[in-house]
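The sequence and structure are shown first.

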Amino acid sequence: MSAIVTIARRELRAYFATPVAFVFIVIFLALSGWFTFYLGGFYERGQADLQPFFTFHSWLYLFLVPAISMRLWAEERKSGSIELLMTLPVSIWDAVLGKFLAAWLFTAVALALTFPIWITVNYLGDPDNGVIVTAYLGSLLMAGAFLAIGSCISAANRNQVVAFIITVVICFLFLLSGFPLVLDFFAGAPQVIVDTIAGLSFLTHFNALSKGVIDLRDVVYFLLVIIAWLYATSIVLEMKKAD
Amino acid sequence: MIKAEGLTKHYGPLTAVDQISFKVEPGEVLGFLGPNGAGKTTTMRMFAGFVPPTAGSAEICGHSIISDALAAKAKLGYLPEGAPSYGEMRPREFLDFVAAIRGYHGDELRTRVGEAVERLNLGTVLNQPIETLSKGFKRRVGLAQAILHDPPVLILDEPTDGLDPNQKHEVRQLIADMSANKIIVISTHILEEVDAVCNRAIIIAHGRILADETPENLIHRSRYHNAVTLRLSRDGDLDAVAADIRAVAGVDHVETRSDARSLTAFPDGDAMILPSIGDLAGEKSWPLEQLQLESGRLDEVFRTITAPDSAAEAA
């Protein structure tokens with residue numbers, strides 16, 4: 001347990017030792033604000049809620065989260081520091097979890113820094129704050145799922161750019177797996193398979209949460225996605241760490 | 001004690017390490033010698049738990065590197081090849097991190113890190129990012145990381161690579177200071193280093209152990225062991241001198257050098273030919289500039305063992 005915390009703390013410090021943290025947070029805040037006001041029509045809707053804010057989170061994460069996750073393992077492999085980390089008395093699972101938690105905590109910080117918009121909507125009207133809290137939770141869970149996918153892809157690649165692009169593509173497919181773009185591909189398959197794939201869509205699960213509906217199935221879904229991809233990360237590392 | 005039994009690693013069709021077995025006891029400083037690609041680094045990585053062996057087993061202080069890896073790693077201090085670390089960290093943060101992973105905290109962590117910093121003279125660079133440090137300091141940060149938990153076993157992959165002569169001397173001194181009750185394994189291309197710090201040398205090539213002896217015994221294998229080399233001044237007649245030496249009892253053969261001023265006389269077996277040649281030189285008043293007894297040449301032994309064909313060509 002303490003190894004996980006130590007690794008997470010080191011990793012988190014590394015974000016802030018480089019411009020990564022600053023650039024990510026500034027761009028995330030700027031884009032999320034811009035999307036909310038211009039594309040989401042925050043004022044024009046005349047409703048006191050954060051629906052236009054959360055709607056665009058999945059698309060923001062699609063490009064910003066892989067930028068965080070791409071370095072998780074690819075950088076360690078490229079610089080050789082993975083040899084140091086893997087020969088210290090820590091299990092692979094501790095290292096995978098520690099690094100993931102650092103990245104997740106970092107996106108949580110970025111997400112928390114959007115608090116002014118919450119204050120704004122409370123100042124302008126009388127929103128249902130329960131819905132907003134649930135939506136924040138859903139957003140964080142979705143970011144975690146993106147990060148877990150990115151962690152696995154980063155472990156499989158030495159090159160960060162390749163890791164970034166593959167992660168974006170896989171996240172995109174997960175995001176849209178409930179839509180014709182993906183489902184048409186399985187048109188000939190039995191209905192069960194089509195339904196299963198449709199059920200994997202991040203967007204469907206996130207939309208329910210962002211409307212304030214806490215369905216345990218949505219929460220469990222995201223947690224399972226995270227655990228599955230982190231487990232895959234540890235297997236990939238076990239196989240490829242020394243390549 | 002560390003032990004390897006039939007340790008083997010295949011990379012696809014390539015056999016990097018081929019059934020290596022050896023044991024090292026406390027107090028031994030083992031030098032791993034071999035050409036590039038011989039399997040030194042792979043063997044060390046298997047001990048460190050970074051590369052899983054294809055076959056065979058290895059133990060560190062009784063802990064299997066496969067079934068009891070965490071306990072084995074806890075007993076080991078390991079310097080990976082090239083001393084990788086986290087470039088954006090400062091040495092103090094980095095060493096604190098490694099110490100925390102190794103389970104130290106509070107005062108004990110500070111003491112451990114402080115001792116390692118002092119041993120490797122890192123005091124002046126503690127707060128500079130590691131990526132801005134010179135090669136020598138980076139290597140020393142890597143060494144500090146390896147020794148800070150005072151491990152019974154140290155495995156150092158090319159600890160002096162890229163260091164200047166003064167730094168090499170310091171690192172060798174450090175190894176010598178720590179060697180009394182530890183097991184230390186170092187790999188190196190530098191043959192003088194084996195002579196300077198190791199009391200045992202293993203030569204490997206193509207993944208196999210070709211020699212496992214003390215450095216002195218290895219040197220004794222050299223055909224130069226107890227040979228005599230002399231050099232004449234410009235007006236000396238090398239051919240005449242060579243002919244005289246060939247007649248000395250115990251001399252097997254004489255090789256003259258292309259500069260036409262020096263030659264080496266090789267003894268027959270263990271014969272000591274220096275006194276006779278010295279006497280003869282006085283008797284005949286050879287215009288000598290230099291007369292020396294060769295102790296043996298480790299690089300020649302190394303070449304004979306690891307690449308017998310090319311060594312024969314060169315000779």
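Contact here means heavy atoms within 4.5 Å. Among contacts in chain A between residues at least 6 apart in sequence, 76% join residues at least 24 apart. The structure is a predicted model, in which local features need pLDDT of at least 70 and side-chain atom pairs count only at pLDDT 80 or more, while totals for chains, interfaces and linings use all residues. Residues are numbered from 1 along each chain as its sequence is written, chains are lettered from A and ligands numbered from 1 in the order in which they are written, and side-chain values use heavy atoms, with hydrogens and water left out.

**Chain A**

Chain A has 14 helices and 0 strands; helices (H or I, at least four residues) and strands (E, at least two) are DSSP runs, numbered from the N terminus. Further values are tabulated.

| Property of chain A | Value |
|---|---|
| C-alpha span along principal axes | about 60 × 50 × 30 Å |

**Sheet of chain B**

In chain B, 6 strands form an open sheet of mixed pairing, in the order 6-7-8-3-9-10; two strands pair if DSSP finds at least two bridges between them. Strand 6 (76-79) and strand 10 (208-213) of chain B stand at the edges with a single partner strand each, so one side of each has no neighbour in the sheet. Strand 6 of chain B runs parallel to strand 7 (residues 153-157) of chain B, and 4 bridges join them. Tyr78(B) has Ile155(B) as its bridge partner in strand 7 of chain B.
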